[in-house]
Each structure stands twice: as C-alpha cells, then as structure tokens.
Number of protein chains: 2
Amino acid sequence: MSDTHTTAPTRFVEIDGLKYAYRRWGKEGTTPVLFIPHYRAGMDHWDPIITDSFARDREVILFDGRGIAGSEGEPRETIEEMADDIAAFIRTIGVDKVDALGFSIGGMQVQELALRHSELVRKLLLLGTGPRGLILGSDPKVPKVAANPVPEAADFLYLFFGRSEEAKKAGLDFWERRHQRTVDVDPPSSMEVAQKQWPAVIAYRDSADKDKPFDYLGAIKQSTLIVNGIDDIMIDTASSLDMAKHIPDSQLILYPDAGHGAHFQYPERFVKHATQFLDEQ
Amino acid sequence: MSDTHTTAPTRFVEIDGLKYAYRRWGKEGTTPVLFIPHYRAGMDHWDPIITDSFARDREVILFDGRGIAGSEGEPRETIEEMADDIAAFIRTIGVDKVDALGFSIGGMQVQELALRHSELVRKLLLLGTGPRGLILGSDPKVPKVAANPVPEAADFLYLFFGRSEEAKKAGLDFWERRHQRTVDVDPPSSMEVAQKQWPAVIAYRDSADKDKPFDYLGAIKQSTLIVNGIDDIMIDTASSLDMAKHIPDSQLILYPDAGHGAHFQYPERFVKHATQFLDEQ
C-alpha cells in the first residue's frame with residue numbers, strides 16, 4: 001500500500017549530532033519536490049491535496065528545519081543558515097537534486113538554497129514570498145495576528161486568504177484538510193522558533209543592496225515558478241513581481257481574491273499550474 | 001477532412017450592408033474562442049500552433065473588424081464601436097456565447113465587449129493589453145516601428161519578443177508559422193486602419209476616470225485570464241497588473257524574457273495555460 005500525506009511515517013536523520021524529522025512518499029526514482037514551509041510551520045502545515053497530487057508523479061519530501069517542530073537543535077537565526085541546513089539534509093538523505101518549493105519564509109530559504117547550493121536544485125517554486133529587500137504588508141494587525149501563540153482558523157483566514165465569502169469557505173476547507181493527519185503528527189514548534197524566525201525575515205529584508213536590491217537574483221539559473229494572491233497582506237504582492245522581473249527564467253502567476261496562501265485557496269488550480277511547470281522541458 | 005489554420009476557407013457575412021470576413025473551424029457544438037487581433041492585424045496574424053491547438057477541443061473563430069483586411073467599410077475610430085461590431089458579428093453568425101481572446105487593441109475590444117454585451121461572453125483572455133488608462137511604453141522608437149508601412153520580421157522581433165537570442169529565435173519561428181497559410185490569404189489592412197486605430201487607442205487610454213481609473217473593471221463578471229511578458233514595451237506590463245487587480249475573477253500570468261507577444265514566444269506553454277483556464281468550472 002502506498003503512503004499518503006496522512007500515513008507517511010515520520011522518519012529521522014542525524015546531521016551533526018542532531019535528529020531532523022522528515023517524511024517522504026510518492027513515486028520513487030524521480031526528482032523529489034522538497035517542501036519548505038511558512039513561519040513557525042512544520043510538516044503538518046501543508047495541504048494534502050497538493051502533496052498527494054504531486055506524489056502521483058514524483059516523490060514528495062517534507063522536512064522540519066533545525067529546531068522546528070519534530071527536529072532537534074536551536075532554531076536558526078538567519079535565512080542563509082536555514083538554506084545551508086536544507087542542503088545538508090538533501091545530501092544526507094542521498095538525493096542528487098530536488099525541485100524546491102518554499103512558502104513565505106520557506107521561499108526565502110529555497111532562493112538562498114538555489115544561490116548557495118545551486119547544484120542541488122533542479123527547479124524552484126516560490127509561493128507567497130519575496131527576495132532580499134522584500135516588502136512586508138503595512139497593516140499593523142498582521143504581525144500581531146501572526147504572533148498569536150496558538151494560531152487559530154480565524155488567524156489563517158485573515159493572514160492567508162481572500163476577503164470574499166468564497167475565499168473564507170476555501171480557507172476553512174483548507175483548515176480541515178490540514179488537520180486530516182491524526183496519528184504520528186508533529187509536535188508544535190516552540191515559541192523560540194517564532195522568536196528567531198521573525199528577526200531572520202527582517203534581517204533578510206534589510207540585507208538587500210541599497211542601489212540594486214534585486215540584481216543578485218540574476219544568479220538564479222533554475223527555472224522558477226512564482227505564485228501568489230493578487231493581494232498578499234503579509235509579503236506584498238509587489239515582491240512577487242520583483243522576483244519575476246529579476247529571476248531570469250521565472251513565470252509569475254497571481255490568483256484573484258487571494259493573498260499569501262493563494263495555493264491553499266486554489267489547490268487544484270495550483271497543482272495543475274505547478275505540474276505543467278515541473279513537466280516542462 | 002477537418003480544416004486547419006492554413007485551410008479554413010474565408011467566409012463572409014453581411015451586417016448592415018457590409019461584408020465581414022471570418023473563418024471558423026474546430027470542434028462544433030462547443031463555446032467558440034473568438035480571436036480579436038493586434039493593431040492593424042487581421043485573420044492571418046495569429047499563430048497556427050495556438051489556433052489549431054484550441055481547435056482540437058473547441059471551435060475557433062477568426063474575424064476581421066470593419067474596414068480591416070478582408071472586411072468592408074470604414075475602419076472604426078473608437079474601441080467601443082469596434083466592440084459593438086464584434087457583438088453584431090457574434091449575433092449575426094448565430095453564436096450564443098464566445099470565449100473572447102483579444103491581443104493588444106483586440107484585448108481592449110473584448111473588455112468592452114464583456115462590459116457592453118456581457119451576455120455574449122463566457123470567459124475573457126487578455127493578451128498584451130491594458131484597460132482604459134493603460135500605460136504605453138515610453139521608448140520613442142516604439143510608435144515609429146509600429147507605424148512602418150510594411151512591418152517586417154525585425155519590427156515584430158523588436159515590438160513583440162524578448163531580447164535574448166532564444167527569444168529572437170522564438171520570434172523568427174513565429175514569423176515563419178504566421179506565413180504558413182499561402183492560399184486564400186487576407187489582403188493587407190489599408191493605411192487608414194493604422195490611421196484610425198492609433199487615435200482609438202489613445203482615446204481609450206484617456207477615457208479613464210481621473211480619480212478611480214480602474215474601478216469600472218469591477219463590472220466584468222467573466223472569468224478572465226491575463227497573459228503578458230514581464231517586459232512589454234508597447235503596453236506596459238503594469239497595465240496587465242492593473243487589470244488583474246481590478247477584474248474580480250482574473251488570473252495573471254507573466255512569462256520571462258518576453259514582451260507584448262509573450263503568447264507567440266511560448267505558444268505551447270500558453271496553450272496549456274489557456275486550456276486549463278478554459279476548462280475550469
């Protein structure tokens with residue numbers, strides 16, 4: 001019987017004396033898609049529609065970074081270190097190359113992975129994210145809601161989804177799918193993860209070159225798919241456009257009535273777009 | 001034997017005493033895709049990869065507006081009148097609803113068709129175009145090249161395609177495909193078409209409400225796919241984003257290393273994106 005999002009067992013691999021949690025399932029012998037999640041999130045924060053749809057044609061790998069959820073160690077304080085940890089993980093589990101999919105802070109990490117460890121990455125998928133010099137949303141309510149010790153459905157509706165009734169419905173449907181896994185679930189991330197990841201995002205934002213903030217993206221040689229909602233209140237949609245303008249071989253897709261979690265709001269549509277992208281020669 | 005882009009015969013229909021040229025082929029009993037072309041262009045200015053790919057699953061209709069190429073009459077002087085002519089054409093050939101695909105000035109016409117004759121349009125595809133208040137490219141070379149009496153391949157490479165060698169190659173491949181039809185071709189449009197269409201675009205641009213230029217797009221109820229290159233030098237890519245922000249159910253897709261004719265540069269990719277969009281419930 002093949003594994004799925006809800007049944008794939010949590011495995012552990014030791015790197016530099018620390019145990020990292022991961023799961024992998026799907027079609028063996030393919031280039032795996034490695035999923036790097038949003039702020040504070042671990043392996044249980046993905047949409048089973050997306051992971052299991054991908055798993056029909058390729059392997060899927062979920063992974064908790066250092067100190068996140070089921071992985072040991074002190075949470076990292078910079079995006080670059082997080083990217084180096086991902087590279088060490090890929091090498092340690094014996095994979096040659098991945099298609100790296102990152103959402104929000106995960107998207108920053110996979111961009112740095114492509115820049116710092118280019119040989120490990122075949123293609124990039126950047127969801128609801130931004131480059132160095134990213135633009136955070138200006139609504140002061142956003143950081144407050146994002147800092148909620150135990151995030152609730154209402155928080156995710158506000159932060160990730162569109163404003164229409166249809167968008168809210170899609171958000172609640174996502175919330176239900178995201179909790180379908182009930183055995184062998186990840187422990188929640190510690191508050192320390194939040195305390196370290198947020199400054200890491202700010203430092204990443206402020207690390208941009210003052211004169212030519214996005215020129216460095218020209219070094220990303222991987223084919224890249226950028227997906228976001230037309231109105232991302234967490235990382236401004238303008239940052240998606242900045243990435244599209246400067247990553248040489250990038251496609252940008254924006255969904256209507258949607259924000260940061262556009263791929264969770266339109267999971268079937270996203271799977272088709274991503275599959276077309278991953279299958280392109 | 002079924003027709004194709006190169007074999008579908010030119011037909012004529014009379015509206016208000018004038019004969020309009022059109023072609024239709026593909027799968028009968030479907031919602032047809034109606035193609036409205038760019039500045040000065042007629043039925044022979046489309047990419048057979050796109051039209052024939054669409055024709056496998058649906059009908060395709062090409063059409064010369066009033067006074068353009070094979071159609072009789074004085075060329076129209078406003079986008080709104082052009083849209084009304086399209087509506088009259090759809091009604092006269094006995095079609096209930098179309099999926100309206102417009103490129104450049106054609107995209108302006110199909111937006112107005114959706115606003116003025118909403119009942120005739122199922123979905124909209126807007127390629128390399130803009131709304132009222134559109135932003136024209138700022139390079140003074142553009143209007144000069146676009147005004148060339150007999151446009152050549154080099155003109156199209158400059159106006160429609162990206163700047164890399166790969167993009168130029170794609171442009172020349174398009175140019176070759178676009179001339180595959182050798183019998184029953186359209187006569188070229190008269191210079192009068194150019195002389196009337198250009199002021200029509202300028203008037204359309206200047207028709208925007210000064211305070212809320214794009215709010216009127218909220219009245220477009222049709223699902224809409226917007227496609228452009230990341231660097232459109234004819235109608236700024238920012239105008240594609242303006243449409244995406246204000247047409248309620250719109251998806252925006254931008255292709256890399258590409259401009260105004262992004263769909264001609266990546267025809268197979270575009271066909272897949274458009275097919276996914278047209279097939280969505």
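Student: How many residue pairs are in polar contact between chain B and chain A?

Tutor: Six, with both residues of each pair at pLDDT 80 or more. A polar contact is a pair of N or O atoms within 3.5 Å; within protein, one must be able to donate a hydrogen and the other to accept it, and residues adjacent in sequence count only if both atoms are side-chain atoms. This is a predicted model: local features need pLDDT of at least 70, side-chain atom pairs count only at pLDDT 80 or more, and totals for chains, interfaces and linings use all residues. Residues are numbered from 1 along each chain as its sequence is written, chains are lettered from A and ligands numbered from 1 in the order in which they are written, and side-chain values use heavy atoms, with hydrogens and water left out.

Student: What makes Glu280(A) and Arg269(B) a salt bridge?

Tutor: The rule asks for a side-chain nitrogen of Lys or Arg within 4 Å of a carboxyl oxygen of Asp or Glu. Here the closest N and O atoms are 2.7 Å apart. The pair qualifies. Two salt bridges are counted between chain B and chain A.

Student: Which elements of chain B each supply at least two residues to the side that touches chain A?

Tutor: Helix 8 (237–246), strand 8 (250–255) and helix 10 (267–279). Helices (H or I, at least four residues) and strands (E, at least two) are DSSP runs, numbered from the N terminus. Strand 8 of chain B gives the most, with six residues.

Student: How do you know that strand 8 of chain A and strand 8 of chain B pair?

Tutor: Pairing requires that DSSP find at least two bridges between the strands. These two have three bridges, in the antiparallel sense. Leu252(A), for one, stands opposite Leu254(B).

Student: How large is the area buried between chain B and chain A?

Tutor: About 1,700 Å², with carbon and sulfur atoms giving 53%. Buried area is the accessible area (1.4 Å probe) that two parts lose on being put together, summed over both. In contact (heavy atoms within 4.5 Å) are 18 residues of chain B and 18 of chain A.

Student: Why are the copies said to be related as by a two-fold rotation axis?

Tutor: Superpose them by least squares on the C-alpha atoms of residues with pLDDT of at least 70 in both. A rotation of 180° with 0.0 Å of shift along its axis puts chain B on chain A, at RMSD 0.0 Å. The relation is therefore as by a two-fold rotation axis. Ile253(B) comes closest to that axis among residues of chain B, its C-alpha at 2.3 Å.

Student: How do you know that the copies meet through the same surface?

Tutor: 100% of the interface residues of chain B are also interface residues in chain A, so the surface is the same.
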